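Here are my notes on this one, point by point. Have the model open while you read.

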Amino acid sequence: MPEQPLELLKGTLDVLILKTLQGGAMHGYGVSRRIRETTGEVFRVEEGALYPALRRLEKRGLVEAAWGVTDTGREARFYRLTPAGEAELSSALEGWHRYVEAMGQVLGAASET
Amino acid sequence: MNSRRSHRGGVFPRFDAREDVDREIRAHLDLRAEELEAEGWEPAAAREEARRVFGDEDSVARACRAIAASHQRAVRRGRVMDAIGQDLRFAVRTLFKSPGFALVALVTLSLGIGANTAVFSVVSGVLLRPLPFDDPEELVWLQEIGNHGGTMSVAWPNYTDWRDQSTSFAALAAVNDFNATVLGGDEPVRADGLMVGEDYWKVFPTSPLQGRLTVAADHVPGAPAVVVVSRSFWANQLGGRPLDGQSLEVLGIRVQVVGVVADGAGYPTDTQLWTPAEPLNNSTSRTSHNWSVVGRLAAGVPVGRARDEIDLITKRITALPDEDPDFLATGAAVVPLMDEIVGDLRQPLYLLLGAAVLVLLVACTNLASTLLARGASRSRELAVRASLGAGRARITRQLLTESLLLSVMGGAGGVGLAYLVVVAIRRSAPAFLPRLGEVALSPSVLVFTAAATVLTALLFGLLPALRLTKVEAGEALRAGSRGNAMDGRALVWRFLVGTEVALALVLLVGSGLLVRSFRTLLGEDLGFDAADVAVVSVSLSNLKYPEPEDHGRFYDELLGRVAAVPGAGAVGLISDVPLRDGLANGRLELDGDLDKQAIGAYVVASGGVFEVLDIPLLAGRVFDGRDGPDGEMVAMVSESFADRFWPGEDPVGKQVTGGGMDNFYPVRQESFARVVGVVADIRHRDVGREAYPTVYFPYTQRPYRIQYGASVLVESASGEPTSMAPELRSVLRAADPDIPVRMGSLGAIVASSLGERRFLMFVMGGFSVLALVLATVGIFGVVSYSVGRRRREIGIRVALGAAPESVVRMVVRAAMTMVAGGLVAGLVAALAMTSAMRSFLYEISPTDPLAVGAAVVTLFGAAVFASWLPARSGTRVDPMVTMRSE
C-alpha cells in the first residue's frame, strides 16, 4: 500500500478539510500539514489540490476566510468553519458512518462464509 | 491595499481574485519552505522541495481564481441586495421619525404624479394609441377645398371621380352620418346611422358576426334597401335573435337587416346602422357638398402623394351648366384619419400635459428645498455616519433611497388619484373628447408613471443628497457650528425658490389668460335668451308620415298641445337648435332675380321661436297664422343679412329664395318668398363666432326641411324647464306613441358648447392653484428654516432694542429678493410660452396685462404672506430663551 497511495474518493477531501477545520481556524498550509500528519500519508494529496477545494468550500459558504498573521509573523489566509460548514460536516460524517457500517456488514459476512 | 479598501472606500470594495490567489499560494510556499529549513534544508533546496510537493502551481492558481471570481460576483450581488434592503429599512425608519414631513411630501408627490398620470392617460388614449382598425396608418380622410380656402364636404360625383380615377387607394368610400328614428325594433329609438359607399367594408375590413356585409349588388341605384347593424343594436333592439328577414324603418324606408358586425367595426365608431348610399342617393350636383370620404391608402403610398393625386383630379372637375362655379371645389385635402378625429385636441391636451409637468417640477423644487433644510438638521447624523466609515457615495445612496421611497409611495398615491380622475372623466363623458373608451391606466401609462416617479426622485433628491454629503465631517460634528443664516448655500436657496416661483408664475399667467378669455366669451351677447327654455327634439316616421305636409300638420297640432301644458309659456319650432345643430348655409337668390345671389344660412322656424328665444323683432312681423301652406310664401331675415345684401334699404317686402338648399325638394314654382320681418342676429354656430347672415322660412311652407327632425322650444313659465318634462312626454306620447323623445334644456346646450373651453380653464386653473400652494409652502419652509437658524441673531437684535416689526421687515425683504428673481424669470418664460396659447384665447392677447398683472400680484402676495408668517413667529420668542438654549 505505501508505494501506491489511495486516490481520494470524490468529495472526501472536502470532508477531510471540514473535519480538520473543526478544531479551529487554520491557514491553508496548516490544513495541508494536519491532513498529512493525521492520515499518516495514506492519502496522496498534492498540497496544491487543497486550495481549489478550500475556495469551493468558501464559495458554498461552508468555510469563511480572512487574511491574518501566523505565529511566526507571516501573513496567511485563515479559514474557519461556518455554521453551515458544521452542519455539512456532521451530515457527511453520519452518511460516512452508515456507509462504512453497511459495507462492513456485507464484507464481514462475506468473509465469514 | 485590498484589505484596506474592503473596509472603507468606494460603494463596493474592489476585489482582485488573481492577486488574492497568488498571495495565498506564495504564503503556502513560504510557510512550507520555512518548515523545511527548520528541519535543516538549505534555503534554495527547501524552496525547491516546497514547490515540488505543491504540484502544478499554475493550474491550481487558475482553478482557484475562477472559483474566487465567481464567488465574488455572487457575494457582490448579495451585498447589493442586502444594501438595498438595509437602505430601505433605514429610509422607512427615517420617514416614520418625521411623519409630518412624510405626509406633506406624499401628498405633494401624489398630486404632482397623479396630475401627470391622469393627463397622460388622456393623451395616450386619445392621441397616441393607434385607431382600433387594421393597419390604421393607412386610413385617411378626404375633403374638398373651397374657393374660400377652407375644407368642405364632398359632392357625390366628385367622390366617384376620385374613386374611379385615382390609383393611390386600396379603397375609397363616401359616408354620410345621420341620426334618425328607427322603427321596427323592440321600441322606437333614435339611432346613429351611416350611409356608406360601396367600398366602405374594404376600408374597414371585418367579418360579420351574423349574416353578411353589404356587397356590390346592394350598392346600385334601385337595389332593395338593406342594413348592417352593430352588435349592441342587434342585442338591444332585435333581441339578439338570429337574423331571419327582420326589417326596420330607417329614414322613412323599410330596410332589411342582412348582417351584424362588432361595435366599432368602422368609423365613426359609434355607428349603429350601416346602409348602402347608392340606392338613396342620385345626386349629380358638383356643388352639393353632402358627403365625407374615408379611404385606405394602397400599400406604401404616402399621404402626400395621395393628396397630390386627388387634388389634381379635383382641379379638373367643372361645374354643371346651371351651377355656380363659386361653389365648386378648387382642390382637395387628404389627411390621416387620426388627424381628423383628434387633430383639434392635440394642442389643448399637450398644453395640459405641459401644465401638469410644471406642477410636478414645482413639487420637486419644493421637496428639494425641504429636504435640504431638513438635511441641515440631519448633518450631525450624517457626519457621525461618515466618521464611522460610510463613504460619501454610501451616504448619497442612502439619501437617494429615501427620496426614491417617498417618490414611489407618492407615485402609488398618484396612480390612485389618476384612477379616480379617469373614472370621473369616463363617467362624465365630455362631448368634446373622442375615443373616451380608450382613456385608461394602460400599461404604457403606468410605464410613463414609473419613469416619472424615478425621474422625480432624482430631481428632488439628487441636489440635496450631493449638497449634504459635501459637509466636512469634522466641521459638522462640532456642536453649535451653525454658520450664518443664509450662508454658502444662499445661492442654492435662491435657485430653488426662484425656480418654484417662476414655474408657478407661468402656470398662473396661463390660467389667468384662459379665465379672462372665458369671461370675455361668457360676456358675449348670444342674441338669444337660453334661460328657462326646454328643448324637445322629435323625428317622425316617414312611412307613417309620407308627405312633407303630413309633418307640417303634425307639428301644427303638437305645438298647440304643448302650449296647453301647464307651466308652458311661449312655444316654437326650429329646424336647427342654436349651438347644438349645425347651420346649413349656401347660395340664395334675391329680389326675383335668379342672377342676384347671396350667401346665407337657412333655418326653418315657427314665429313662436323668436318669442321663446327673446330675439328682438327689428322690423315687420314674425310668422303667424297667415303663413300657412296656401298663403303667400314669406321669409324673415337676420339683421346682418339685411345689412349685407340690402344696405340702406328697407328689407321688408324684398324677395329671397331658399336657393341651392331647396334643390332636392319639391318646391312650389313661385320659390321667391317675400320678407315680412327682420330680427336681431344670434350666435348660432359658436359662442365665440360672429352671427352668420340668416334667412328664416316658416315650417308650414317648407315642411320638407323638417321631415328628418325638428325641435320644439318651450319657455317655462315657472323658470325650471326640466320640471315640464313629464307633461311634455305624455303630450308627445298622445300625439304619436312611436316618437323617440330627446329632451333637454337650452341652457345645458349653451353650457355644453363651452365644455371644452371650460374643461381647459378649470384643469389649468386647478394646476396653477396647486402650483401656487406648493410654491407658497416652499417659501414658507425656506424662510422658517432661515429664521430658525437666525434665531440667535434675531434674539440679540430684539434684546438690543430692535423693533420686532423691523426684524420682520428684514426677513421678508431677504425672502423677497429670492422671490423677485423668480418673478422676473417666470415673467420672461410666461411671455415666451403663452404665445403658444394664442389659439385658445378669445379676444385676449397672450400678454394681456390684466392676466399677467393678476398672476404677479397673487404670487407676490402669497410670497409675502409665506415669509411674514415665520418671520413674525421668530420675533415672538423670548430672546432670553433662545439665547440660553445655544
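1. Chain A first: four helices and three strands, in the order α-β-α-α-β-β-α from the N terminus on. Helices here are DSSP runs of H or I with at least four residues, strands are runs of E with at least two, and both are numbered from the N terminus. Bear in mind that this is a predicted model: local features need pLDDT of at least 70, side-chain atom pairs count only at pLDDT 80 or more, and totals for chains, interfaces and linings use all residues. Residues are numbered from 1 along each chain as its sequence is written, while chains are lettered from A and ligands numbered from 1 in the order in which they are written.

2. Of the 113 residues in chain A, 30% count as buried. Buried means 20 or more other C-beta atoms within 10 Å of a residue's own, exposed means 12 or fewer, and partly exposed is in between, with C-beta atoms placed from the backbone. Among chain A contacts with a separation of 6 or more, 54% come from residues 24 or more positions apart; a contact is two C-beta atoms, placed from the backbone, within 7 Å.

3. Have a look at how α1(A) (residues 12–21) meets α2(A) (residues 28–38): their axes are 10 Å apart, at an angle of about 105 degrees. That makes the two helices roughly perpendicular, a label for angles of 65 to 115 degrees (under 35 is roughly parallel, over 145 roughly antiparallel, the rest oblique). Axes are lines fitted to C-alpha atoms, for helices over the stretch in contact, and angles run from 0 to 180 degrees between N-to-C directions. L16(A), I17(A), T20(A) and L21(A) of α1(A) make the contact with V31(A), R34(A) and I35(A) of α2(A).

4. On to the contact between the chains, which takes 19 residues from chain A and 21 residues from chain B. On the chain A side, α2, α3 (50–59) and β3 (75–81) each supply at least two residues, and α3(A) has the largest share, with six. By class that side has six nonpolar, four polar and nine charged residues. For the classes, Ala, Val, Leu, Ile, Met, Phe, Trp, Tyr, Cys and Pro are nonpolar, Asp, Glu, Lys and Arg charged, and the others, Gly among them, polar.

5. Which residues touch the most other members of the largest nonpolar core? They are V359(B), A504(B), L505(B) and A771(B), in a core of 101 residues. Such a core is a set of buried Ala, Val, Leu, Ile, Met, Phe, Trp, Tyr and Cys residues joined through C-beta atoms within 7 Å. Helix α10(B) (residues 337–377) gives the most to this core, 18 residues. A second, separate core of 62 residues includes V562(B), F641(B), I706(B) and L713(B).

6. V255(B) sits in strand β8(B) (residues 253–261) and counts as buried because it has 24 C-beta neighbours inside 10 Å. Leaving out residues up to four places away in sequence, V255(B) touches A225(B), V226(B), V227(B), S247(B), L248(B), V250(B) and T275(B).

7. E639(B) and D681(B) are 42 residues apart in sequence, yet 5.7 Å apart C-alpha to C-alpha.
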